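Welcome! Please take a moment with the sequence and the 3D view below, and then read on for a short tour.

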Amino acid sequence: MTNDARDIEVMKRVADALPYMTEGKKGELIGYGKAMVDLNRRKKEDGEEARSKSCG
């Protein structure tokens, strides 16, 4: 299973569980999701920055 397929499967399971979560748990989940997006963005930007330094 690729990472993309795994991510999709996880999101489907989370979406199925949302109606049963309390508002507090939903907020925690959204905060965690935002943090993961920011982390992935930083990793991507750092990788591009390192490539541009090695090329030029």
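In which helix do Glu 9 and Arg 13 both lie, and how many residues apart are they? Both lie in helix H1 (residues 3-17), 4 residues apart, or about one turn of the helix. This is a predicted model, in which local features need pLDDT of at least 70, side-chain atom pairs count only at pLDDT 80 or more, and totals for chains, interfaces and linings use all residues. Residues are numbered from 1 along each chain as its sequence is written, and side-chain values use heavy atoms, leaving out hydrogens and water.

**Overall form**
- The protein has 2 helices and 0 strands; these are DSSP runs numbered from the N terminus (helices: H or I, at least four residues; strands: E, at least two).
- Its C-alpha atoms fill a box of roughly 55 × 25 × 10 Å along the principal axes.
- Of the 56 residues, 0% count as buried (buried is under 20% relative accessible area, exposed over 50%, partly exposed in between, with a 1.4 Å probe and protein chains only).

**Salt bridges**
- The structure holds 4 salt bridges, each a side-chain nitrogen of Lys or Arg within 4 Å of a carboxyl oxygen of Asp or Glu.
- Glu 9 and Arg 13 form one of them, at 3.1 Å from N to O; Glu 9 is partly exposed at 32% relative accessibility, and Arg 13 is exposed at 59%.
- Glu 23 and Lys 26 meet in another, at 3.5 Å from N to O, and they sit 3 residues apart in helix H2.
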